[in-house]
Structure formats: C-alpha cells, structure tokens
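Student: I'd like to go through the pockets and the aromatic rings in this one. Can you put it up?

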Amino acid sequence: MKNQIISVGSEFPEFKKLAVVSLDKDQEFYEISSEDHKNAGKWLVMFWWPKDFTFVCPTEIAEFNKKFEDFQDRDTVVIGASTDSEFVHLAWRKNHDDLRGLKFPMLADTSKSLAEELGILEANEKVAYRVTYIVDPQGIVRWVNVNDLSVGRNVNEVIRVLDALQTDELCPCNWVKGEATLTA
C-alpha cells in the first residue's frame with residue numbers, strides 16, 4: 001500500500017461520521033461533518049491515533065484535552081479520530097481516567113474511508129498513523145504532521161504552528177506568539 005497523504009494546500013475531504021461527545025446516557029454520540037467547522041468560520045485541528053486501549057495514544061489525547069481552552073481561544077475546533085468504532089471509543093473513555101472528561105469529540109472512522117482518503121493508513125494493520133492536520137476556516141489544509149506509530153506528538157508544537165498560521169505573516173524558525181514576525 002502506497003500512502004499519498006493529503007498535504008498542504010489541498011482541500012480537506014468532506015466527511016460525516018459519528019463521534020463520542022459525552023458519557024451521559026442517550027447523549028453519547030453525535031454526527032460530525034466537515035462542514036461544521038467551515039459553517040462556524042473556525043479553524044480545525046484533527047488529530048489521528050492508531051488504536052484505542054493502547055499506551056501512547058491516551059497521553060496525546062489527554063494533552064490535547066489539557067490544551068483545549070488554548071485551541072478555543074484561537075477559534076479552533078479540535079477533533080480526535082481513529083478507525084475504532086464509536087462503541088470502542090465510548091468504552092475506552094469510560095474505562096480510562098484521563099479520557100472521561102474529554103472536551104472534544106472522538107470521531108469513529110470505522111469504514112476507514114476518511115483515513116484512506118487522507119492517505120494515512122499504515123500498510124499492514126490498516127490503522128491510522130499519528131497524523132495531525134491544521135485546516136483553515138475555508139477547508140484548506142495548512143499544516144500536516146505525521147509520526148510513526150510508536151512516537152507521540154508535541155501538542156505545544158501544534159499550538160505554535162496554529163499561532164503562526166493565524167498571523168498570515170512570515171514566521172522564522174522557533175517563532176512563538178508574541179515575538180516579531182518577518183517582513184518581506
């Protein structure tokens with residue numbers, strides 16, 4: 001299987017998927033679409049992990065949750081996703097202390113159609129790589145980061161890049177919000 005990952009400048013694929021949004025009875029699931037963030041005029045950070053009930057994945061998910069308000073302050077919708085089902089997501093949230101209070105949805109791509117369209121499926125197990133997308137309010141991919149299955153990502157770096165993209169200016173190496181940008 002040859003991956004052709006959707007990259008910067010591409011339109012993020014349209015999707016409509018179930019997600020776990022709550023632990024409350026009869027309010028656990030909600031259908032999320034690619035139009036939701038565009039209609040809201042917000043940025044989108046969608047991050048993928050390989051499998052629920054694993055070791056590295058909950059550390060990343062918990063860190064995105066800790067930084068949730070930072071994303072909200074930047075008019076950004078956060079969606080976590082894997083190819084596990086909404087029922088597996090729900091069971092994992094119920095059984096893992098760090099996941100019970102999630103403030104963002106866990107998208108279920110059980111058909112693997114979105115992961116396949118994004119080009120992020122690992123060849124042997126057909127699970128998603130650890131991929132993070134930053135998508136602008138018009139639905140255009142502005143940043144992609146891909147980690148192998150065994151290495152967790154840095155959520156602070158996602159925020160730093162989001163800040164840089166939102167300046168719509170030239171940002172030098174290691175730039176952080178509050179520092180001067182470059183002029184052409």
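Tutor: A definition to start: Ala, Val, Leu, Ile, Met, Phe, Trp, Tyr, Cys and Pro count as nonpolar, Asp, Glu, Lys and Arg as charged, and the others, Gly among them, as polar. This is a predicted model, where local features need pLDDT of at least 70, side-chain atom pairs count only at pLDDT 80 or more, and totals for chains, interfaces and linings use all residues. Residues are numbered from 1 along each chain as its sequence is written, and side-chain values use heavy atoms, with hydrogens and water left out.

Student: How do the residues lining the largest pocket divide by class?

Tutor: There are 9 nonpolar, 5 polar and 4 charged residues in that lining. A pocket here is an open set of points on a 1 Å grid over the protein atoms alone, where a 1.4 Å probe fits, with protein on both sides within 12 Å along at least five of seven lines; lining residues have an atom within 4 Å of a point.

Student: Which residues lie nearest its centre?

Tutor: H37, V77, V78, I79 and P105, out of 18 lining residues. The space in the largest pocket is about 220 Å³, taken as what is filled by probe spheres set on the points, with grid points joined across faces, edges and corners.

Student: Which element gives the largest share of that lining?

Tutor: β4 does, with 4 residues. At least two residues each come from β2 (29–33), α1 (35–40), α3 (68–72) and β4 (76–82). Helices (H or I, at least four residues) and strands (E, at least two) are DSSP runs, numbered from the N terminus.

Student: And what lines the second largest pocket?

Tutor: Its lining includes R142, R160, D168 and C173. Helix α6 (residues 155–167) gives the most, 4 residues. The space comes to about 160 Å³.

Student: Switching to rings. How many aromatic pairs?

Tutor: The count is 9, where rings of Phe, Tyr and Trp (its six-membered ring) pair if their centres lie within 6.5 Å; planes under 30 degrees apart count as stacked, over 60 as edge-to-face and the rest as tilted. F12 and F15 are edge-to-face, at 6.2 Å centre to centre and 80° between the planes.

Student: Why is the F53 and W92 pair called tilted?

Tutor: Because the planes are at 40°, with the ring centres 6.0 Å apart. F53 sits in the loop between β3 (43–48) and α2 (57–66), and W92 in helix α4 (residues 86–95), 39 residues apart.

Student: Is W92 buried or exposed?

Tutor: W92 is buried, at 2% relative accessibility. Buried means under 20% relative accessible area, exposed over 50%, partly exposed in between (1.4 Å probe, protein chains only). F53 is partly exposed at 49%.
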